[in-house]
Amino acid sequence: MNRIFSGIQPTGNLHLGNYLGAIRNWVKLQRDYECIFCIVDLHAITVPQEPAALRAATREVTAAYIASGIDAEACTIFNQSTVPGHSELSWIFSCITPLGWLNRMTQFKEKAGKQRDNAGLGLYAYPVLMAADILLYKGTHVPVGEDQKQHLELARDIAGAFNRRYGVEYFPLPEPQIFGTATRVMSLRDGTKKMSKSDASEFSRLNLTDGADAIADKIRKAKTDPHPLPEAAEGLAGRPEAENLLGIYAALTDKTLEATVAEFAGAQFSTFKGALSDVAVAVLGPIGAEMKRLMDDPGYVDGVLRRGAEKAGTMAARHLREVQDLVGFLRP
Ligand code: TYM
């Protein structure tokens, strides 16, 4: 059985990178896999969150999944904290994960920065919890953006370490699914920096709830360079902003980067930006409108999460009992 598990942190400012790198691919894959899509609130609190904002963001991410085309009946959608097995399996995995593996994680180094000694244990253990998320459901495939690749390699290593320790073939080694022309969408203000929820500048990202005017404004102000667009993809070398904007256009229109470069060969940025705004509004506009409609109906959203938590919880409990037996926990 092929089973997808993936998730997004409810930390606000859901953006185009989350959509193109993750959610859009989930929509494409949902017919071919059993799918579990999580709102990872336990991960969110690895950095401080205001409780009311966390609750609101949990509903917002749920709304984004549904508004983007995830079938809430066929897929399991739930928030992580409703299923205690995530934390429990994470502890078991913590006990078989060498510190050396965690010390290699670049995301921790970036997030902890120079304040390493002040960073929380949760931030450090973050990728272990992520492995537990996937493996609690024996997930086989994990569609994510490029930035999660290292965490998924760790999840495979942890699955292998558990199987070896207990002499079983219990956990599958989950496969990353990183595909499309926008696996790493960059900031609109700096083509060398990832588009991110936590960037202080609103102009660095297109939010899924941005209206047409905001989208056009942000694209108009997006950083460029002084040259016309290149004639061929090789001409994008050393031009990160041009590459990023053309990549976004390609992803939004389901074209290759090469075809997009050919379409705008020699054009001025101003012409291209007009076309980019139009496709961004055409794709994001309806999603944002549907998200707002759903967020005005928290009863419906909570119902989806409640049903998802029940489905996820049942499977999680079964797997966790099997794991506890393998580990040697007595269940008197
Ligand atoms: P998060 O919340 O940071 O991001 C959610 C998803 O969006 C993708 N993404 C991007 N893709 C392309 N370009 C970007 N600029 C960009 N920014 C974000 C991420 O790759 C991700 O797929 N650790 C995860 C959440 C998580 C998870 C899991 C994922 C927790 N447990 C288990 C998969 C399986 C995270 O922080 O995602």
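Me: What pLDDT does the protein average, and what share of the residues score at least 70?
Reply: pLDDT is the predictor's confidence in each residue, from 0 to 100. Here the protein averages 97, and 100% of the residues score at least 70. This is a predicted model, where local features need pLDDT of at least 70, side-chain atom pairs count only at 80 or more, and totals for chains, interfaces and linings use all residues. Residues are numbered from 1 along each chain as its sequence is written, and side-chain values use heavy atoms, leaving out hydrogens and water.

Me: OK, which residues come nearest to the ligand?
Reply: A residue is near a molecule if one of its heavy atoms lies within 4 Å of it. There are 28 residues around the ligand, and Tyr126, Asp133, Asp147, Val185 and Lys197 come nearest. By class, this shell has 12 nonpolar, 11 polar and five charged residues (Ala, Val, Leu, Ile, Met, Phe, Trp, Tyr, Cys and Pro count as nonpolar, Asp, Glu, Lys and Arg as charged, the others, Gly among them, as polar).

Me: Which N or O atoms lie 2.9 Å and 2.8 Å from the ligand's atoms?
Reply: Look for polar contacts, pairs of N or O atoms within 3.5 Å. A backbone N or O of glycine 145 sits 2.9 Å from a ligand oxygen, while a backbone N or O of valine 185 is 2.8 Å from a ligand nitrogen.

Me: And how far is glutamine 148 from the ligand's nitrogen atom?
Reply: An N or O atom in the glutamine 148 side chain is 3.1 Å from a nitrogen of the ligand.

Notes
A polar contact is a pair of N or O atoms within 3.5 Å; within protein, one must be able to donate a hydrogen and the other to accept it, and residues adjacent in sequence count only if both atoms are side-chain atoms.
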